[in-house]
Amino acid sequence: MNSKFRIGLFTSAWDGVAWDLVSAVHQAVQSGSIPNAEITFLLCTREEGETPFGDLMIQNARKLKLPLITFSSLRFKPDLRKKGREANRKGDSSILKSWREEHDHEIAKRISSTDLDVLLGYMWEFSDEMCHERTIINLHPSLPGELKGTYKEVIWELIRTRATETGAMMQLVTENLDMGSVISFCRFPIRGEAFDSLWQDMDERLKHESLDEIAAKEGEANPLFHVIRQEGVRRELPLVVSVIKNLVEGNIFINGNRVLDFHGQVLANGLGLTQEVESTIAHG
């Protein structure tokens with residue numbers, strides 16, 4: 001019998017969606033939707049008592065008996081990290097790079113070898129060594145070649161530029177942040193019945209307030225922001241599962257920094273999974 005495909009999960013439990021993503025992968029592995037695979041560890045860069053979402057991740061992982069490893073990034077050499085960030089703002093990245101290398105060295109001592117590592121709400125940049133030694137993929141809340149940053153930054157920029165569509169993608173993690181090859185993506189409109197009245201309300205408000213003022217006052221509670229985020233999350237869950245499934249089954253391959261299809265052809269823009277993702281949503 002062939003050995004199982006080994007999957008490592010990394011999270012910083014940034015919000016409640018991080019647990020939804022971890023849970024979706026776990027359920028897909030347990031049910032066989034992701035076949036012949038096992039989760040060899042769930043690395044959470046929070047420890048109990050740090051944040052509510054971190055505690056939610058830890059408690060739920062323990063209930064499901066996931067192979068949980070906790071390691072507090074915030075508590076790891078905070079003075080060095082602070083010094084590094086201050087120096088980085090002045091153009092000197094060497095101290096922050098040193099902290100990152102030491103941080104990842106500590107993590108590497110705690111985790112096992114895998115065939116694939118998946119970042120689900122992981123908020124730390126990896127060292128060059130970690131990128132070279134492991135195959136790591138990351139979920140990003142944007143279409144290929146478009147917006148960078150956190151989902152909050154992406155959504156506010158979508159609103160600022162009056163975008164008509166957005167999406168989500170999985171990409172390789174490399175030493176160049178957010179520059180790895182796209183593995184797969186899906187797209188969806190942010191105009192139409194569920195959105196139009198919210199765009200109109202935003203247009204009215206922008207006659208009297210700046211977008212920055214609205215964002216500072218309401219944050220994620222803003223109705224337009226909220227529905228864009230909600231629709232994105234609905235698609236991120238099946239996208240993550242589908243990408244892992246395709247990699248496990250050999251429908252797509254990672255070769256260095258290239259993504260190949262079943263025939264060995266380079267997928268320059270990744271594998272489009274919009275139709276599959278929408279079908280999954282439609283069938284519940």
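Helix α9 gives the second largest pocket the biggest share of its lining, six residues. This is a predicted model, and in it that pocket takes up about 280 Å³. Its lining runs to 14 residues, with Ala24, Leu237, Pro238, Val241 and Thr280 lying nearest the centre. Besides α9, helices α1 and α10 (274–282) each put at least two residues into the lining. Sorted by class, the lining of this second largest pocket comes out as six nonpolar, five polar and three charged residues.

Next comes the largest pocket, with a volume of about 940 Å³. Here 43 residues make up the lining, and Tyr122, Met123, Trp124, Asn138 and Thr150 are the closest to the centre. The class count for the largest pocket is 21 nonpolar, eleven polar and eleven charged residues.

The largest cavity holds about 90 Å³ of space. Of its 13 lining residues, Pro141, Ile155, Ile228, Gly232 and Glu236 sit closest to the centre. At least two lining residues come from each of α6 (151–160), β6 (165–172) and α9 (223–249). The lining of this cavity has eight nonpolar residues, along with three polar and two charged ones.

With a relative accessible area of 4%, Thr166 is buried. Setting aside neighbours within four places in sequence, Thr166 touches Pro141, Ser142, Leu143, Leu158, Cys186, Arg187, Phe188 and Ile190. One of these contacts, Pro141, is also among the residues closest to the centre of the largest cavity.

Now for the aromatic rings. The structure as a whole contains eight aromatic pairs. In one of them, Phe71 and Phe76 have ring centres 5.7 Å apart and planes at 50°, so this pair counts as tilted. Both Phe71 and Phe76 are buried. Another tilted pair is formed by Trp156 and Phe225, with ring centres 5.2 Å apart and planes at 40°. Because Trp156 belongs to helix α6 and Phe225 to helix α9, the pair ties together parts that lie 69 residues apart in sequence. Which side of the burial cut-off do these two residues fall on, buried or exposed? Trp156 has a relative accessible area of 12%, which puts it under the 20% limit, so it is buried. Phe225, at 1%, counts as buried too. Elsewhere, Phe10, Phe41, Tyr122 and Phe126 are joined into a cluster by ring pairs. Tyr122 from that cluster is also one of the residues closest to the centre of the largest pocket.

Charged side chains meet rings as well. Arg191 lies over the face of Trp199, 3.8 Å from the ring centre. Likewise, Arg229 lies over the face of Tyr151, and here the distance to the ring centre is 3.6 Å.

Terms used. Residues numbered from 1 in each chain as written. Predicted model: local features only at pLDDT ≥ 70, side-chain atom pairs only at ≥ 80, totals over all residues. Heavy atoms only, no water. 1 Å grid on protein atoms, 1.4 Å probe; cavity = no way out; pocket = protein on both sides within 12 Å on 5 of 7 lines; lining within 4 Å. Points joined across faces, edges and corners; volume = space filled by probe spheres on them. Helix = DSSP H or I, 4+ residues; strand = E, 2+ residues; numbered from the N terminus. Nonpolar A, V, L, I, M, F, W, Y, C, P; charged D, E, K, R; others polar. Phe/Tyr/Trp six-rings, centres within 6.5 Å; stacked < 30°, edge-to-face > 60°. Buried < 20%, exposed > 50% of the residue type's maximum accessible area, 1.4 Å probe, protein only. Lys NZ or Arg CZ within 6 Å of the ring centre and 35° of its normal. Contact = heavy atoms within 4.5 Å.
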